[in-house]
Amino acid sequence: MLLIVSSFSAQEKPNILWITIEDTSPQFIGCYGNENASTPNIDKLAEEGIRFTNAFSTGTVCSPSRSAIITGVPPYKMGSGNHRSNYPIPAFIKGFPYYLKQQGYYTTNNYKTDYNIANEKDFINEAWNESSNKATWRDKNENQPFFSVFNFPESHQSRTMSMSYDWYVKNVWNHLPEEDKIADSAFEMPPIYKDSPEMRKHFARVYNSIKLTDNRIGDLLDKLKEDGLMESTIIFFFADHGEGMPRGKTNGINYGYRVPFIIKFPEKFKHLSPWGKEGTVSDELINFEDLASTIINLAGGKSPEYLKGRNLIGENRNKERNHLLLSTDRADNGPDLTRTITDGRFVYSRNFMPFMPEMRYINYLEIADITQQMRKDFKNKQLNSLQKSLFATRPIEVLYDIENDIWETENLVENPSYKNVLVKMRKQLNKAVLKARDIHFVPEYEIGLISKNTTPYKYRMDDKNYPFKKIYEAALLSGKKEEKVVKKQLKLLKSDNKIIRYWAVIGLMSQDVNTIKTHKKELLSALEDSYPPVKITSAAILYENFQDKKAEEILIKYSKSDDSELALMTINYLLYIENKKPFLETIKAVCKKTNHPYKVQAACSDFLTITETSKK
């Protein structure tokens with residue numbers, strides 16, 4: 001009798017299917033209004049489900065985003081914001097499918113992980129019954145509910161831009177039936193890119209890659225139907241972050257964060273939907289921090305205390321938010337720190353390293369034909385002011401009205417009509433960052449040191465070691481150029497706290513040349529700083545502005561450092577200085593070293609490419 005009751009209870013729980021795709025913004029999908037896109041399977045999910053217009057990834061590159069998805073904890077708390085890092089997290093933070101297994105679910109992942117944490121193998125084994133390219137619901141026990149993830153890579157940046165055109169033909173174009181292929185002239189070109197035959201050839205890859213993705217989704221849904229599971233399965237569909245094209249992926253603006261997101265409830269479980277009937281469009285704010293709590297609740301479990309995301313579905317549904325905090329940090333060899341607030345309509349971002357452009361050097365983007373074409377057009381003065389702005393240093397703040405400006409062409413920060421919006425969102429950002437005690441306001445070098453004895457997650461809560469309010473006050477000066485700000489930064493450069501000194505010198509990176517020239521003496525003293533990130537950044541400023549010989553020696557020394565984070569920091573600065581010649585032989589030697597991770601090798605490759613290109 002007990003076995004019968006247990007089996008019946010298991011059957012009453014919904015199966016849950018996750019369909020994740022890569023590197024895709026909603027404006028490239030038919031049901032989100034793109035008449036040029038061919039996405040019938042995704043569109044049908046929207047017709048039969050709930051389509052969300054305000055869903056956001058927590059990061060703008062895959063591994064930080066996926067760390068938030070699998071744990072329910074945002075990167076700025078865990079220290080997982082830097083792409084392809086492997087810092088430890090507390091043992092109590094689990095991959096949320098672990099809690100589904102406790103509720104009797106069979107959990108499978110096919111097949112991408114990329115969770116951006118230490119001890120990933122043990123973490124994966126604890127979360128999934130199976131995680132492989134063969135994982136499927138079909139190996140579950142009879143009457144056992146399942147939670148299955150299928151990740152489709154066909155829209156990944158490798159397909160849409162980074163790999164060669166021949167590789168794209170082999171891996172995308174040749175897999176499409178003739179009638180599915182989208183021509184170079186069959187779509188509108190976003191205004192942030194030059195509308196030319198060369199650019200259209202490259203951009204057509206986006207449409208054909210998403211078409212192939214849609215075909216693959218159709219095949220998966222056919223299998224679900226064949227197995228008689230369509231009427232007992234709740235289907236989630238979403239992308240892991242925004243579009244994998246220049247200015248999208250890796251950038252802390254709407255184009256990097258906003259994702260397509262659809263939930264389809266079968267008839268049997270439609271009573272669980274708080275959004276009403278099929279075909280509904282919801283503007284409710286959702287981010288990836290919400291997914292773990294929501295799925296655990298759907299499975300009949302109770303979310304652990306550390307999960308602060310909303311439960312979106314069922315009796316325990318949490319009230320809606322009116323804004324979200326989002327974050328962007330290092331992507332491959334391109335360090336960054338941007339924090340963003342959105343209410344769905346407006347997106348406000350604060351750039352804490354504005355001295356680097358949106359088109360900053362990231363090797364995986366630089367090898368792409370479309371990036372090379374854009375740099376060529378920029379060099380030949382063939383871009384309009386909007387398109388050229390991608391190569392300029394960034395403003396410290398941007399505010400975009402996405403409802404009226406989907407491609408983020410007009411920064412409203414200086415527009416008096418939006419002053420109230422700006423002030424409100426600026427306050428929301430500061431309050432949210434302070435509450436989170438964002439660990440990424442220490443350089444990645446420091447996260448490595450922290451991780452030797454504890455976790456970044458835990459360390460950030462210790463106000464004695466991490467006086468975050470004071471650190472954040474120093475960071476907020478970065479990008480501001482008034483003389484009074486310079487004086488504050490120079491005073492902070494003498495602080496007893498090394499992280500405050502770091503933010504003082506990071507802020508000085510954005511100061512005008514004439515301002516820097518009047519404060520050379522103070523910067524020279526920073527070359528003696530005991531904290532390497534301060535010493536390296538000071539050297540970069542002094543070398544660029546004064547060709548200082550001691551600064552040059554420091555930059556050469558740290559380029560050759562065995563510490564990968566210090567080497568990357570140094571080489572990244574060298575990517576943007578004008579006179580690279582004194583460093584050429586050093587970078588050639590570093591490029592041959594095999595003990596550094598990919599990100600350092602990628603930075604070296606960018607440096608050598610830039611140097612070679614400048615000779616032509």
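Threonine 107 is placed in strand β3, which covers residues 106-110; helices (H or I, at least four residues) and strands (E, at least two) are DSSP runs, numbered from the N terminus. The structure is a predicted model, in which local features need a pLDDT of at least 70 and side-chain atom pairs count only at pLDDT 80 or more, while totals for chains, interfaces and linings use all residues. Residues are numbered from 1 along each chain as its sequence is written, and side-chain values use heavy atoms, with hydrogens and water left out.

With a relative accessible area of 0%, threonine 107 is buried, a term that means under 20% relative accessible area with a 1.4 Å probe and protein chains only. A polar atom of the threonine 107 side chain lies 3.0 Å from the backbone oxygen of alanine 127. When neighbours within four places in sequence are left aside, threonine 107 is in contact (heavy atoms within 4.5 Å) with Pro97, Leu100, Lys101, Ala127, Trp128, Asn129, Glu130 and Phe147.

The mean pLDDT of the protein, the predictor's confidence in each residue from 0 to 100, is 96, and 98% of the residues reach 70 or more. Over residues 1-10, however, the pLDDT is below 50, and this stretch has three contacts in the model beyond near neighbours in sequence.

A cavity is a set of points, on a 1 Å grid over the protein atoms alone, where a 1.4 Å probe fits but cannot get out, and its lining residues have an atom within 4 Å of a point. Grid points are joined across faces, edges and corners, and a volume is the space filled by probe spheres set on the points. By this rule, five cavities of 30 Å³ or more are counted.

The largest cavity has a volume of about 300 Å³ and is lined by 22 residues, of which Pro335, Met353, Glu444, Tyr502 and Met569 lie nearest its centre. Two or more lining residues come from each of α16 (444-450), α20 (498-508) and α25 (564-574), and α25 gives the most, with five residues. By class, this lining has 14 nonpolar, three polar and five charged residues.

The second largest cavity holds about 140 Å³ of space, and of the 14 residues that line this cavity, Trp18, Arg66, Ile69, Tyr115 and Val149 are the closest to its centre. The elements that give two or more residues to its lining are β1 (15-21), α3 (62-71) and β5 (146-152), with the largest share, three residues, coming from α3.

Note on methods:
Buried means under 20% relative accessible area, exposed over 50%, partly exposed in between (1.4 Å probe, protein chains only). A polar contact is a pair of N or O atoms within 3.5 Å; within protein, one must be able to donate a hydrogen and the other to accept it, and residues adjacent in sequence count only if both atoms are side-chain atoms. On a 1 Å grid over the protein atoms alone, a cavity is a set of points where a 1.4 Å probe fits but cannot get out, and a pocket is an open set with protein on both sides within 12 Å along at least five of seven lines; lining residues have an atom within 4 Å of a point. Ala, Val, Leu, Ile, Met, Phe, Trp, Tyr, Cys and Pro count as nonpolar, Asp, Glu, Lys and Arg as charged, and the others, Gly among them, as polar.
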